[in-house]
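Me: I have a structure to go through. Let us take its open spaces and its ligand in turn.

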Amino acid sequence: MVSLDLLLNALAAGLLLGGFYAAVSLGISMAFGLLDIVNIAHPVFVILGSYAAYIMNARFGFDPILTGVLFTPVFYVLGVVLYRIYYASFERKGAESLRGLVFFFGVLFIVEVSLLLAFGVDYRMVEARYIGESIHIGPVGLAYRLLVPFVVGVMLTGALYWFLARTFYGRAVQAVAQDAFALRLMGANPFKVKSIAFGLAIATAALAGALLIMIGPVEPALNREYIGRVFAVAVLGGMGSISGTLVAALLLGVAESLTATFSGPSWSVAVSFAVLLLALAVRPAGLFGR
Amino acid sequence: MVGSRLVLRDVEAGYGAVRVLHGVSIDVNEGETVVLLGTNGNGKSTLIKCIMGIVRPERGEIALERDGERIDLIGRAPEDMVHLGITLVPEGRRLFPKLTVEENLMLGAFRAAARRDIAKNLDLCFEAFPVLRSRRRQLAGSMSGGEQQMLAIGRALMSTPAILLVDEPSVGLAPLLVSRVITTIRDLKERYHLTVLMAEQNFNQAVKIADRGYVIVHGQIAFEGRTEDLTEHELVKKYYLGL
Ligand SMILES: Nc1ncnc2c1ncn2[C@@H]1O[C@H](COP(=O)(O)OP(=O)(O)O)[C@@H](O)[C@H]1O
Ligand SMILES: [Mg+2]
């Protein structure tokens, strides 16, 4: 039963990959779905998180997860500052959509080029004792370099879900794009609410980046490969839905893994676009969109 | 509950070059239900917006008096008013359509001072509007106009307000519902020891619950008095209320 083992292993690897995809997509889903901020630069912040993990690992021997946690507040502040610039230059003037897109494209470009200048085009990676190892459950092998990102990705998703569903600021985040004026009548300041939310969206990239470089080597232009994937996940999940993002990410992970196993890895990138197109055609609001 | 009173003196306000309010003075005393009567376009909403900090008056005073303290309201943001205990049920309800009934209500409790009262306030809301309990998981945008108005009032009550401002709760509702919403405002007012200022065009419904009223015409107070006097006033009957 070699093919059954192969199938089980492909399924397991896909699920693990999916937990990681959720971590990468949360920020996009939040920005587009809850804040109406067209932050197409999100994947490049994930890459930035990867380089943070790389430097701290190469210089000080830090575990990538530790770096991800340490840099989460740094990325939060980065997100808040970025939102304030965006707000002052575009949102306040009511010119957000198209010019906002140009703004975030510019941010993407600047960060990518800065990384290129600082680190070159070489692939970088991190070292940690557990990265090459795996555990076996029956015929299924779970590599730590996928298992750890899965666990951390699911925990990150859970934390964000808890924040949005259970805290006062979280509920305000869910409301702010629907009616910012009404939110003021509830006693909340929409600008502050969006600052916090965008800060958190960017903050997720610190951990997601650490996970990315744990899974495989990273170079500055890798964000381009991820843009299609994160959009597929966010659209399929229903923009702004955190639980939807997780389910969609797991689905995409499994779909990619099965494709890579049975048709060859070169097909797996096409899977995300197929999923994206299918989602747009069949259910534009996504699986969990409201 | 702290005693709170609203005082407006010679308020002049408008939009750009257009002046809408020409020296309006009103008082809303603690525990009163005051109704602001007037047909469309006479400045009811503008006055409410001035109190709430949404429109900034060009001249005049707006103050909240509470525990012998006088708080100047002009220049404060709407969210500050909520923290001072003044909550508005706005024109057009302004619910969050893609959030559930319960999520809308919880947002009403954003005010720090209201957070410890959530369980109690939620119970009172559901008691006053049982339909909100059975629809708590439904999206606000999918409810009927009457249910949405109830939710808007319930959401405002979640902030434990001292002063409740209500802008035309009757708009878009069937007559029977108008009557129900208005009488519920009265019940809630008694139960919560609220002070209420309500803008309405529907004279007959509004006077059912009002202690006092002001008639606003072209941005000026044309008549003020106790409810009995209002109903007797010929001018009011004939010209402004179309009776
Ligand atoms: N945002 C606005 N910009 C310009 N004019 C306005 C605005 N809102 C109201 N007005 C004008 O102010 C006047 C009073 O309006 P409003 O206060 O809404 O009256 P009411 O609530 O009694 O119907 C009307 O003539 C209206 O056209
Ligand atoms: Mg009005």
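Me: Which residues lie nearest the centre of the largest pocket?
Reply: This is a predicted model. The largest pocket holds about 930 Å³ of space, and its lining counts 34 residues. Nearest the centre lie A:Q174, A:G240, A:R290, B:K98 and B:L99.

Me: Which element gives the largest share of the lining of the largest pocket?
Reply: In chain A, helix 1 (2–34), helix 5 (144–166), helix 6 (168–176) and helix 10 (242–263) each give two or more residues, as does helix 3 (101–108) of chain B. The largest share is 4 residues, and it comes from helix 5 of chain A.

Me: How many residues of the lining of the second largest pocket are nonpolar?
Reply: The second largest pocket has about 310 Å³ of space. Its lining has 18 residues, with A:L17, A:Y21, A:I215, A:Y226 and A:R229 nearest the centre. By class, 3 are polar, 4 are charged and the nonpolar ones number 11.

Me: Where does the largest share of the shell around ligand 1 come from?
Reply: The shell includes B:Y15, B:V20, B:K44, B:S45 and B:T46. By class it has 2 nonpolar, 7 polar and 1 charged residues. The largest share, 3 residues, comes from helix 1 (residues 44–52) of chain B.

Me: What distance separates a polar side-chain atom of B:T46 from an oxygen atom of ligand 1?
Reply: A backbone N or O atom of B:G41 lies 2.7 Å from a ligand 1 oxygen. For a polar side-chain atom of B:K44 the distance to an oxygen atom of ligand 1 is 2.9 Å. For B:T46 it is 2.5 Å.

How values were computed
Residues are numbered from 1 along each chain as its sequence is written. Chains are lettered from A and ligands numbered from 1 in the order in which they are written. This is a predicted model: local features need pLDDT of at least 70, side-chain atom pairs count only at pLDDT 80 or more; totals for chains, interfaces and linings use all residues. Side-chain values use heavy atoms; hydrogens and water are left out. On a 1 Å grid over the protein atoms alone, a cavity is a set of points where a 1.4 Å probe fits but cannot get out, and a pocket is an open set with protein on both sides within 12 Å along at least five of seven lines; lining residues have an atom within 4 Å of a point. Grid points are joined across faces, edges and corners, and a volume is the space filled by probe spheres set on the points. Ala, Val, Leu, Ile, Met, Phe, Trp, Tyr, Cys and Pro count as nonpolar, Asp, Glu, Lys and Arg as charged, and the others, Gly among them, as polar. A residue is near a molecule or strand if one of its heavy atoms lies within 4 Å of it. A polar contact is a pair of N or O atoms within 3.5 Å; within protein, one must be able to donate a hydrogen and the other to accept it, and residues adjacent in sequence count only if both atoms are side-chain atoms.
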